[in-house]
Amino acid sequence: PSEIAYIAQRTERLGADALQLDLYAPMDSMIEDIHLQPEKLYEFVHAAASAVSIPVMTRLPYNLAASAPHLHAVERAGLRAVCAIESLRALSGVDLETKTTLMPTYGGYTGRHIRPISLAATATLAQLTDLPICGVGGVEDYRSILEFIMLGAAAAQLGSAIMLHGYDLITKTVRALEDWMQAHGYDDYSSITGAALSSLTPFEKAVHRRAVCRMTQPCSRTGCGLCTCGCMYGALVMEPDGVHLNSSQCTGCGLCVQRCPQGLFHLETF
């Protein structure tokens, strides 16, 4: 903690406007105590927050974004915001001929494929803490930023996307955000912050409800078959005139809703 405080003070004197503590980098906690013990996390983040006058936030891995004890530790420590998620520990594969890994060591897995995990972490944080939330992980463009905001984030970070596309992406993204807000009649982001949370049902409650898929209009794409091949319950059948849905066999898994390229299905719960 004393080293963290020293670095925080030096960084503030060099002109930083805020600090983000990435205590779980790279890809996981190198200090096992802060991963397992919320009080140890408190010691580290409190050391930084009490050493400087600028705002301090910390970045959490996905599993700790759902940990109430760790969040309470962050709140008690005086942090001004919380950020999630950290990149995931990953390997890109194995060369089967040489029997060696394709990477010499573990790497951080991020980008669009972890965005669903990041979005879930943001939604969970929004329900567990009153601290402002910064969404990280899979933020690629203005659309993904809006997703994070609608799930309760006050801000979002572009990281890997800049490495892949250059700094011009920042300007393009900001302009696209402004255009979207103007086109939809919003003056500020507070109007849409957390707007999607009311449509989210906790899994523990959802499993006790009946769900069934419905077709919004007939489908005549007999050459597609994405919905029928994925339906394990035989509720969707491909006939000569198109897809037919047997609601009595539907369990409401929702796979067809996600797979249909035309968006012809929706999920009803009751």
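# Cavities, a pocket and a helix pair

Tutor: By class, eight nonpolar residues, two polar and one charged line the second largest cavity. (Ala, Val, Leu, Ile, Met, Phe, Trp, Tyr, Cys and Pro count as nonpolar, Asp, Glu, Lys and Arg as charged, and the others, Gly among them, as polar.) This model is predicted: local features need pLDDT of at least 70, side-chain atom pairs count only at pLDDT 80 or more, and totals for chains, interfaces and linings use all residues. Residues are numbered from 1 along each chain as its sequence is written, and side-chain values use heavy atoms, without hydrogens and water.

Student: How many cavities of 30 Å³ or more does a search of the whole structure find?

Tutor: Rolling a probe the size of a water molecule over the atoms shows where empty space is left. Here the search finds two cavities of 30 Å³ or more. (On a 1 Å grid over the protein atoms alone, a cavity is a set of points where a 1.4 Å probe fits but cannot get out, and a pocket is an open set with protein on both sides within 12 Å along at least five of seven lines; lining residues have an atom within 4 Å of a point.) The largest cavity holds about 100 Å³ of space, and C213, C231, L236, C253 and C256 are the closest to its centre of the 15 residues that line it. Its lining divides into 12 nonpolar, two polar and one charged.

Student: Which helix gives the largest share of the lining of the second largest pocket?

Tutor: That pocket has a volume of about 350 Å³. Of its 19 lining residues, T110, G111, G159, S160 and A161 are the closest to its centre. Helix α7 (residues 160-165) gives the largest share, four residues. (Helices, H or I of at least four residues, and strands, E of at least two, are DSSP runs numbered from the N terminus.)

Student: At what angle do helix α3 and helix α4 pack?

Tutor: Two packed helices are described by the angle between their axes and the distance between the axes. Helix α3 (residues 38-51) and helix α4 (residues 68-76) pack at about 25 degrees, with axes 8 Å apart. (Axes are lines fitted to C-alpha atoms, for helices over the stretch in contact, and angles run from 0 to 180 degrees between N-to-C directions.) That angle makes α3 roughly parallel to α4 (under 35 degrees; over 145 is roughly antiparallel, 65 to 115 roughly perpendicular, the rest oblique).

Methods: Grid points are joined across faces, edges and corners, and a volume is the space filled by probe spheres set on the points.
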